[in-house]
Amino acid sequence: MRSTVARPSRATRPRAATAALVLLAALACSHAALAAEEFAWPQGRQAAVSLGYDDALDSQLDIAIPALDRHGFKGSFYLVMANKPVAARLADWRAAAANGHELGNHTLFHQCSRSAKGHEWVEPQRDLDTTTAMQMKEQVLLASTMLNAIDGNTRRTLALPCNEATAQDGNYLALVADAFVGVRIGGNAITANVSQMDPAAVTVVSTDGMTGKQMIALVKEARRRHGLVSLTFHGVGGDYLTTSANAHDELLDYLARHRDVYWVDTFVNIMTHVRQQQAAVSNAPGAP
């Protein structure tokens, strides 16, 4: 005897599948909205600002750090351990760390790809193209050991030189990411969906040549998106890839006038908070 149980017609099957997809999409959007709503910056701040300074330059010690101290802010200074201002001014870097500024890892030798466009300045012995991923791993971890000897800290963040991680035989970031609370990778972008960000791939914005108004506009955009803006400076009022001291001060003045809006802190502190918030969101009731 043939069964009399009604079966969905071919016409109704696509509608049922579409409804299921719509439901799944709605649930995904609902969770994303929930995560964004639950993620919070400290003390009700509306955005976070990380002030990073690459390469260990004299102008950072002479101009940037005094300016930060005047405004009561702490910056993150990414030291290339082989650069002369590290050894020549070791006491100054140690004092900066003791005063709450972060000393971050920018590798031993600042290896970059010499074959990349505009990279003719890369010295052959510092060519990432001829350095293996394992060599980079060992050098990066050694740089952290050296930084520990300066500041006594074990929690560390990393900034990729030239925003590059592709060594001679593969990506070295994958070998060292777990050793860091956060990694700055370039990208010239503000991080908006912070609850979903990858702490080992945080985009930064290079400020060389920017005016104070341009940097303030980036900070305001981060506020609008309840996100994180990670600014990267090199020279401040000197050295190379320079941001003028006046522009730097204009940015700090603005941030100081809006302390209730922006959380300005070291990258290691910001990323520690991000990781804690991400864990809280993922463990919240209703999270998948």
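This is a predicted model: local features need pLDDT of at least 70, side-chain atom pairs count only at pLDDT 80 or more; totals for chains, interfaces and linings use all residues.
Set aside the neighbours within four places in sequence, and Leu-51 is in contact with Leu-68, Gly-75, Ser-76, Leu-231, Phe-233, Leu-251, Leu-252, Val-264 and Asp-265.

Next, select residues 245-257, which form helix α8. From first C-alpha to last, its 13 residues reach 18 Å, close to the 18 Å expected at 1.5 Å a residue. Which residues of α8 are buried? Colour Ala-247, His-248, Leu-251, Leu-252, Tyr-254 and Leu-255 to see them. They lie on the same side of α8 because they cover an arc of only 160 degrees around the axis. Now turn to the face pointing away from that buried side, where you will find the exposed residues Asn-246 and Arg-257.

To see what covers the buried residues of α8, show β1 (47-54), α2 (58-71), α7 (212-224), β9 (228-233) and β10 (262-265), which are included in that cover.

Finally, colour by pLDDT. The mean for the protein is 89, and 85% of its residues reach 70 or more. Select residues 1-14 and you will see pLDDT staying under 50, with one contact beyond four places in sequence in the model. Over residues 16-36, pLDDT also stays under 50, and here the model has seven such contacts.

Key
Residues are numbered from 1 along each chain as its sequence is written. Side-chain values use heavy atoms; hydrogens and water are left out. Contact means heavy atoms within 4.5 Å. Helices (H or I, at least four residues) and strands (E, at least two) are DSSP runs, numbered from the N terminus. The expected span of a helix is 1.5 Å times one less than its number of residues. Buried means under 20% relative accessible area, exposed over 50%, partly exposed in between (1.4 Å probe, protein chains only). The arc is that of the directions from the helix axis to the C-beta atoms. pLDDT is the predictor's confidence in each residue, from 0 to 100.
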